[in-house]
Amino acid sequence: MNELIVKNGIVFDPLNGIDGEALDICIKDGKVVESVASSAEVIDASGMIVMPGGVDIHSHIAGSKVNAGRILRPEDHVKDVESHTPITRAGTGHSIPSTFTTGYRYAKLGYTTVFEPATPLLKTRHTHEELDDTPIVDKGCFPLFGNDWHTMEYLKQDRIEECAAYIAWMLRATKGYAVKIVNPGGVEAWRWGRSLIGLEDPVPNFDITPRQILRGLCKANQLLNLPHTIHVHTNDLAQIGNYETTIKTMEAVRDLANDTKPVIHVTHVQFTGRTGSAWHNVGSGAPEIADYVNKHGHVTVDLGQIIFMDTTTMTADGGFQYMLYQLTKNKWMNADVEVETGAGVVPYTYRRSNYVNAIQWGIGLELALLIRDPWRVFMTTDHPNGGDFTKYPKIISWLMSKKARERSMKKINKTAKRKLDLPGLDREYSFSEIAIVTRAGTAKALGLDQKGHLGVGADADLAVYNIDPRKIDSSNDYIKVRRALKKAAFTIKDGKTVVKDGEIVATPLGRTFWVNSTMSDSITHDVESDLRKTFDDYYTVQMDNYAMDDRELARSHRIDIKARV
Amino acid sequence: MKLISGRSLGQARGKVSGKFSEDYFRNAAVCELDPEDLKVLGISPNENVKITTDTGSVVVRAATASQRVQRGVAFMPYGPWANAVLSSETYGTGMPSFKGVEAEITPAHTEKILNLRSLIEQITKSQR
Amino acid sequence: MTDTIVRNVVCTFCGATCDDLEVTVENGKVRQVRSGCSTSLNKFLNYNRERHLTPLIRKNGEYEEATYEEAVRRSAEILAKARYPILYGWSSTSCEAIRVGVELTEWVGGVMDNTTTVCHGPTMLGVHDIGEVSSSLGEVRQRADLVIYWGSNPVHSHPHHVTRYTAMSKGRFHDGRKGRTLIVVDVRKTDTAKLADHFIQIAPNSDYELLCALRVAARGDELEQEEIAGVSAEKIEELADLMVSCEFGVIFFGVGLTMSLGRHRNIDAALSLVRDLNSRTKFLIMPMRGWYNVDGADQVLAWTTGYPYAVDLSHGYPRYNPGDTTVIDILQRGDCDAALVVASDPISNFPLETAKRLAQIPVITIDPHPSATSIVSEIAFPSTIVGIETGGVIYRMDGVALMLKPVVPPPPGIRSDVEVLSDILAQVKKLKGS
């Protein structure tokens, strides 16, 4: 295959300790190599930043709730269209782009790997169909646990090993990558139209608490040796003041960490980072959360930063979405899934003049600036909940430039501005830190050894941005930074150039990563027998029709792991 | 009379047996009415009747509704016989008028029911 | 002569897509089917009765057998040259085929529409405005103590719906019929109504009024009229009471709502009623999708273009405007100049005037069986039967994706919808100078 050399770029490769050095990156057969022949194709990256391709750890891009959102909102697509060309498919945006458009837009930003973070087990075949129609990027998905009857029954009886074997079976059946937990226990309550508060409320009919579910799943995850930690959307999203639940959730599994590796990832922390007892006195819980994260290495988080725009909220947290409908009276989709989980979609507009929205905006940025270790805080918008992913360059400029933040802060609700700590925070991210929070750190947290870096053996996924860090001041020239990051000069995927100067030039299909964790035969066999007994009672689909064959994936990339038991 | 069309088991079964089958013909070329309405119109079950609407007319077999319709309502199973008299008016919604079309129903003892091929010929012969 | 029993076969007729069929196969032929309803039995036993086996092209007013290659070439020419072609059907084939269909529609700059347009299109329109409070079917089986069928007659349209998923199904919290209340609202006393605890006979074309009256009553307000939609105020208040005081209710609605006067406004009212009820109790609503993959056709179109049906790609990008880009309206206006019909029979299924318009333009049909549409087509391709001879992904009426597996081999030389469409697409790309 092709040999390629990306010459003389200013390379940021934090996983390999490279911080803005002029280096050549050699690529052969889709991997980074030591050297290539002189006949290799040359990309001249002089005066440009070279980073590993972006790795998005949490973005709702595919599956039943995403599609429900598309159908709910034809008005979202009408003004944002993509035309068919000989090499690209037609599509639409804006907050819920169609699948081809999603792949192209990520590639243009220099992203090469994206994970759909919440898919119902029963409907993950649908997620994979959509991912297979999402070009260029490598991808994977996180199936949902924690509100499913099997998990709750096993954990109630403290049968952690069986629970782990069940999860392994489900990850194989759904071709999933990690254990996603959304409002543990709370969504089963919502399936009766009820809700739980805090971590100690027992789930109706199951008599198990969110705390027990979290701990049990954390242990099961460890037993399975999965590459990513449990990925948690905490309880109490619908509560006004909810930062304490976030900290309690992190604390709930602290004793389960037995080395320096994290054991829990708490997602879109901004949404569960509020203080206050009523909407008019909401404040930022970011300082408290950041303090906890700084002191405890067992936690990683991602921001869920909001952007002031008309967007669409969508989560498995059905009860929260109902609350949002009641608050806004916007149209509302709800899609509970038998045995397992829920989903809801509600359009929402974040406004600068809105007190709460301004606080929310502040919370995300405060978290990023107050959490000191960039390897444990990642940049996301929880697309599209906080805003769509094409706005990432804007967020990057806020992280890198106090001036950019001040400019945006001029127009936000003044009472909110006075209440936030954000105006007084001076920290500015470096390009290296940006590389960590958008690719190196996320790849590491996901356990993807060949992503997020440019060492020999890495997948040759690169982003080249037309901006010279030696010639600009990222603090002052934030608009230049934004522009450069919006349209990659080159995006390279598996050694193939897919974007040139912000335009798509090739559309290969990426791989779907999924995990096959094998436990001992006896326990695997026992759990399968258990499932045979309950499946017909619980589900409306036959067990033999439930599991996906890996030939169903257009490009399956299985990761084999040996569990601890 | 108000004409509505809809699914019937017999029509579905006939359909999967083949559009040109006797089973389909028997189950789709039929119009069900309340027995009182049949009396008033002077029609016996299994006799041929003519259904006429603004769209056109079609001859089918009359039957007593096994699933009670209200007085003044006639039911025909989905298919080309019903469609021969149903309206294409969508009122700008995309959906034509499969249910609730004004129809006149008259006895048609001497007229024959067209089979599917003949119905199709009617469709293709028309000029714009 | 060995019999093979193929278990857990997915039935490919209605939107209930029961997946527990047992098909006995002998020498490559289906001999017996267990667990399915009478319609599925008939489909599996009779699928080969009327079959065309070679491509046909109309030449000089007569049908002639043609080679596959010639049929592909002529089809590609017709579609590539057309100014505004429509590509219609899709609900009775696999998602793999539909996905090729979208790409083909892009390349020929046409309109892709599916049978939703004459079925639950108005439901889509209602959902765009209100949203939809729903779930997968198993939630109903496990939890529902109140089941309402409105303008839907599942005994005829989805024969196993009631026993598999609703009032007679066995759930964790409700065992069969006990403890569940079944209500039917319809203009006729249907066979489903005969199973119900309460039957409400509504005057034709007045669903909107009754739904609004229920919203008023469910809110606790008094109805000012004595009778609405042919139903007494007392009965309406009684029904509202049942809805409000249940633990978990669900309305299944059919084309009785989408096709009668008011169309999407009826759906709007039903969706709003259910949404209102959620402030009092848990309540859901579900459209009774008619075909085994009509939901799949909508899903595929939505994820590839953003819109579920009636997608116009003639400008190169997706445009959506039901009433304008819907197939019935396009044909009525006489705008389209060619059509590709896949796994559907619009000449039978469309009202007369629209069927006439369709018959006047060149039509290409891809269908396993001869149909009214195939016999008026310029070109008719035979194809394999999805779910019996060919596998593929389909979506149940509640959006659960299932994988179909072939049960018997197809007749020799017959290609699948995916293959035929892919070959036409490849030829179109050549013609368009790719």
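Domain bounds, as used here, come from an automatic or database domain assignment. In the predicted model, the assignment for chain C gives domain 1 (3-46), domain 2 (56-117 + 292-431) and domain 3 (121-287). Between domain 1 of chain C and domain 2 of chain C, the C-alpha centres are 26 Å apart. Their contact draws 16 residues from domain 1 of chain C and 14 residues from domain 2 of chain C. On the domain 1 side of this contact, strand S1 (3-9), strand S2 (21-26) and strand S3 (29-34) of chain C supply at least two residues each. The residues on that side comprise ten nonpolar, four polar and two charged.

At the level of whole chains, two pairs are in contact, and of these chains B and C share the most contacts. Chains A and B do not touch, and their nearest C-alpha atoms are separated by 15 Å.

The contact between chains C and B involves 56 residues of chain C and 46 residues of chain B. Elements of chain C that each supply at least two residues to its side include H1, helix H4 (121-130), helix H6 (154-157), strand S11 (188-189), helix H10 (255-259) and helix H13 (327-333). Helix H14 (346-349) and helix H15 (352-359) of chain C are also among them. The greatest contribution to the chain C side is that of H15(C), with six residues. By class, the side of chain C facing chain B in this contact holds 21 nonpolar, 24 polar and eleven charged residues.

Helix H1 (residues 9-17) of chain B is mostly covered, with seven of its nine residues buried. The buried residues are Gln11(B), Ala12(B), Arg13(B), Gly14(B), Lys15(B), Val16(B) and Ser17(B). Their cover includes helix H2 (22-28) and strand S6 (73-77) of chain B, and also helix H1 (38-46) of chain C.

The contact of chain A with chain C takes 47 residues from chain A and 50 residues from chain C. On the chain A side, two or more residues come from each of several elements, among them helix H1 (64-72), helix H2 (74-77), helix H3 (99-108) and helix H4 (124-132) of chain A. Strand S7 (81-82), strand S8 (91-92), strand S18 (332-336) and helix H19 (543-546) of chain A are also included. This side is made up of 17 nonpolar, 15 polar and 15 charged residues.

Within chain A, the axes of helix H6 (residues 160-174) and helix H8 (residues 210-224) come within 9 Å and cross at roughly 70°. Angles of 65 to 115 degrees count as roughly perpendicular, and H6(A) and H8(A) are therefore roughly perpendicular to each other. Their crossing is right-handed. H6(A) contributes Ile160(A), Glu161(A), Cys163(A), Ala164(A), Ile167(A) and Ala168(A) to the contact, while H8(A) contributes Gly216(A), Lys219(A), Ala220(A), Leu223(A) and Leu224(A). Eight of the residues in this contact are nonpolar, one is polar and two are charged.

Glu161(A) is also one of the contacts of Ile523(A), a residue of helix H18 (residues 521-538) of chain A. Apart from neighbours within four places in sequence, Ile523(A) is in contact with Glu161(A), Glu162(A), Ala165(A) and Val565(A). The C-alpha atoms of Ile523(A) and Val565(A) are 8.8 Å apart, with the two residues 42 residues apart along the chain. Ile523(A) has 17 other C-beta atoms within 10 Å and is therefore partly exposed.

Key: Residues numbered from 1 in each chain as written. Chains lettered and ligands numbered in written order. Predicted model: local features only at pLDDT ≥ 70, side-chain atom pairs only at ≥ 80, totals over all residues. Axes fitted to C-alpha atoms, helices over the stretch in contact; angles between N-to-C directions. Helix = DSSP H or I, 4+ residues; strand = E, 2+ residues; numbered from the N terminus. Parallel < 35°, antiparallel > 145°, perpendicular 65-115°, else oblique. Left-handed = near helix turned anticlockwise from the far one by under 90°. Contact = placed C-beta atoms within 7 Å. Nonpolar A, V, L, I, M, F, W, Y, C, P; charged D, E, K, R; others polar. Buried ≥ 20, exposed ≤ 12 C-beta atoms within 10 Å, placed from the backbone.
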